[in-house]
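Subject: Structure for your review

Dear colleague,

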Amino acid sequence: MDADPHEVLKTAIAGLADKTLLLMDDDAPFRNRLARALEMRGFTVAVAEGVHQAMEMIDANPPAFAVMDMRLEDGNGLQAVEALHRKRPEARAIMLTGYGNIATAVAAVKSGAIDYLSKPADADDVVKALLAVEDHAPPPPENPMSADRVRWEHIQRVYALCGQNVSETARRLNMHRRTLQRILAKRAPK
């Protein structure tokens, strides 16, 4: 008989010396739901709804673990991850975002995050990412982004970096301006 995955994770967390975790997200329902789920698994969770509040909490008592949203109303979660790693270099932080793309994943890892998950993230996936052994490759995602979605995300990023200038974006992507306008007018692929 296989062990219950929730119990396996709870046992792993119970063996930790420091179970403190900072959860920073500006989406209150998601933040509260994830905080409760992480507490049920054994973490001591502190919540912050913005970067400034998280920075104050990190300065006062840097946690062993952190789950940070990438884009918030008062800043970028990368700032909080960098501050956490200045105060407590061994802390393990992961980034959550609804805007998953390769560039932001690279930025998250460079700032000190150990993993990067797209929202909505399951509490078990968050815990597995936080507790992952560095030499052990994580399992492939259940629902990875489609190639069309990856392409769309890349185009959106370049478009944003070009200040929403269609002509400049088209030039940098080496595509016709009208083709780019049609792509930008469509909804994001799944």
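The notes below set out what was found, by topic.

This is a predicted model, in which local features need pLDDT of at least 70, side-chain atom pairs count only at pLDDT 80 or more, and totals for chains, interfaces and linings use all residues. Residues are numbered from 1 along each chain as its sequence is written, and side-chain values use heavy atoms, with hydrogens and water left out.

Salt bridges

Side chains of opposite charge can pair when their charged atoms come close. A salt bridge here is a side-chain nitrogen of Lys or Arg within 4 Å of a carboxyl oxygen of Asp or Glu. The structure holds 6 salt bridges.

One of them joins E49 and R31, at 4.0 Å from N to O. This pair links distant parts of the chain, 18 residues apart: E49 is in the loop between β2 (44–48) and α3 (51–60), and R31 is in helix α2 (residues 28–40). Helices (H or I, at least four residues) and strands (E, at least two) are DSSP runs, numbered from the N terminus. Exposure is given as relative accessible area: buried means under 20%, exposed over 50%, and partly exposed in between (1.4 Å probe, protein chains only). On that scale E49 is exposed, at 52%, whereas R31 is buried, at 8%.

A second salt bridge is formed by D124 and R41, whose closest N and O atoms are 2.7 Å apart. These partners also come from distant parts of the chain, with D124 in helix α6 (residues 123–131) and R41 in the loop between α2 and β2, 83 residues apart. Both D124 and R41 are buried.

The salt bridge between R172 and E168 has its closest N and O atoms 2.6 Å apart. R172 is exposed, with a relative accessible area of 55%, while E168 is partly exposed, at 22%.

Positive surface patch

R151, R177, R178, R182 and K186 form a positive surface patch. Patches are made of residues with over 30% relative accessible area and no salt bridge, like charges being joined within 9 Å and nonpolar side chains (Val, Leu, Ile, Met, Phe, Trp, Tyr) within 5 Å. The accessible areas come from the Shrake-Rupley method with a 1.4 Å probe, and for residues only the protein chains shown count as cover. Lys and Arg count as positive and Asp and Glu as negative, with His and the chain ends not counted. The place of a charge is taken as NZ of Lys, CZ of Arg, CG of Asp or CD of Glu.

Which element gives the largest share of the positive patch? Helix α9 (residues 177–185) does, with 3 residues. R182 lies in helix α9 and is exposed, at 52% relative accessibility.

Strand β3 (residues 65–69) is mostly covered, with 5 of its 5 residues buried. F65, V67 and D69 point one way from β3, A66 and M68 point the other way, and all are buried.

Two strands pair if DSSP finds at least two bridges between them. Strand β1 (residues 20–24) pairs with β3 in the parallel sense over 4 bridges, and L22 stands opposite A66 in β3. Strand β6 (residues 92–97) also pairs with β3 in the parallel sense, over 5 bridges. Here V67 stands opposite I94 in β6.

Individual residues

V106 lies in helix α5 (residues 102–111) and is partly exposed, with a relative accessible area of 40%. Between V106 and Y116 there are 9.0 Å in space, C-alpha to C-alpha, and the two are 10 residues apart in sequence.

Most residues other than glycine have a negative phi. Q164 is not a glycine, yet has a positive phi of about 60 degrees. Q164 lies in the loop between α7 (147–161) and α8 and is partly exposed, at 49% relative accessibility. N174, although not a glycine, likewise has a positive phi of about 60 degrees. The loop between α8 and α9 holds N174, which is exposed at 70% relative accessibility.

With kind regards
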